[in-house]
Amino acid sequence: MLALMDQTREPFVADEAEAVVARRAADSLKAVAEAHQSVKVSIGGPDANIVVPLPASAVAMFHAVLEAMANRTPISLIPHDAELSTQQAADFLNVSRPFLIRQLEGGVIAYRKVGAHRRVRFSDLLVYERQSRHAQSKALADLHEEERRLGLE
């Protein structure tokens with residue numbers, strides 16, 4: 001994720017004091033996040049009390065961020081429409097850049113050219129990653145079925 005720093009802010013890592021606060025907050029939100037419930041957050045101040053409704057998906061996202069902070073795991077938020085260089089895209093997928101280039105040139109992953117440089121949308125990488133995992137799962141299931149058919153279990 002460090003390669004994405006030119007598209008996003010530097011990964012955030014909570015300090016010890018923030019991790020303690022984040023742990024308490026994550027523990028408080030855990031049941032609500034797991035139940036997929038919306039909440040209302042009340043922010044009190046000397047001049048006003050503000051109530052902010054949060055949909056269930058936002059609660060789940062906040063819980064995930066708080067968990068990462070509590071564990072002092074570096075986190076980054078990447079917009080789906082962010083365009084990444086081929087090296088950034090390869091780093092995200094944990095593949096080599098030449099392998100990624102072959103996927104791009106083969107039409108497996110969408111990209112666009114900016115001058116001589118290829119740019120890959122983050123959302124297209126997520127689609128590719130999801131499809132790859134599905135294909136891997138199917139191949140393993142097929143292999144297991146063949147193993148069972150041949151009596152090699």
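What do S1 and S2 form, and how many residues are between them? They form a hairpin, with 4 residues between the two strands.

Before going on, the ground rules. This is a predicted model, where local features need pLDDT of at least 70 and side-chain atom pairs count only at pLDDT 80 or more, while totals for chains, interfaces and linings use all residues. Residues are numbered from 1 along each chain as its sequence is written, and side-chain values use heavy atoms, with hydrogens and water left out.

A word on labels. Helices (H or I, at least four residues) and strands (E, at least two) are DSSP runs, numbered from the N terminus. Strands pair if DSSP finds at least two bridges between them.

S1 covers residues 39-44 and S2 covers residues 49-54. They pair in the antiparallel sense over 6 bridges. Val 39 stands opposite Leu 54 in S2.

His 36 has a positive phi of about 55 degrees although it is not a glycine. Is His 36 buried or exposed? At 64% relative accessibility, His 36 counts as exposed. The cut-offs are these: buried means under 20% relative accessible area, exposed over 50%, and partly exposed in between, with a 1.4 Å probe and protein chains only.

Next, the helix pairs. Two packed helices are described by the angle between their axes and the distance between the axes. Axes are lines fitted to C-alpha atoms, for helices over the stretch in contact, and angles run from 0 to 180 degrees between N-to-C directions.

Take H1 and H2. Their axes are 8 Å apart, and the angle is about 145 degrees. The crossing is left-handed; that is, the near helix is turned anticlockwise from the far one by less than a right angle, and clockwise would be right-handed. Residues making the contact include Ala 22, Ala 26 and Leu 29 of H1, and Val 59, Phe 62 and Leu 66 of H2. Contact here means heavy atoms within 4.5 Å. By class, this contact of H1 with H2 has 13 nonpolar, 1 polar and 4 charged residues. For those classes, Ala, Val, Leu, Ile, Met, Phe, Trp, Tyr, Cys and Pro count as nonpolar, Asp, Glu, Lys and Arg as charged, and the others, Gly among them, as polar.

At 35% relative accessibility, Arg 72 counts as partly exposed.

Now the sheet. In what order do the 3 strands of the open sheet stand? The order is S3-S5-S4, and the pairing is antiparallel. S3 and S4 (112-114) are at the edges with a single partner strand each, so one side of each has no neighbour in the sheet. S3 and S5 pair over 2 bridges. Glu 83 stands opposite Arg 121 in S5.

On to H3. How many of the 8 residues of H3 are buried? The count is 6, and H3 is mostly covered. The cover over those buried residues includes S3 (83-84), H4, S5 (117-121) and H5. One of the buried residues is Thr 86, with a relative accessible area of 7%. Leaving out residues up to four places away in sequence, Thr 86 touches Arg 97, Leu 100, Ile 101, Leu 104 and Arg 118. Just after H3, Asn 94 takes a positive phi of about 60 degrees.

H3 (residues 86-93) also meets H5 (residues 122-149): the axes come within 11 Å and cross at roughly 35 degrees. This crossing is right-handed. The H3 side of the contact is Ala 89, Phe 92 and Leu 93. By class, the contact has 7 nonpolar, no polar and 1 charged residues.

Last topic, the core. A nonpolar core is a set of buried Ala, Val, Leu, Ile, Met, Phe, Trp, Tyr and Cys residues joined through side-chain atoms within 4.5 Å. The largest one has 16 residues, and Leu 93, Leu 100, Ile 109 and Leu 125 have the most contacts inside it. H3, H4 (97-105) and H5 each supply at least two residues of this core.

For contrast, Arg 102 is in H4 and is exposed, with a relative accessible area of 53%.
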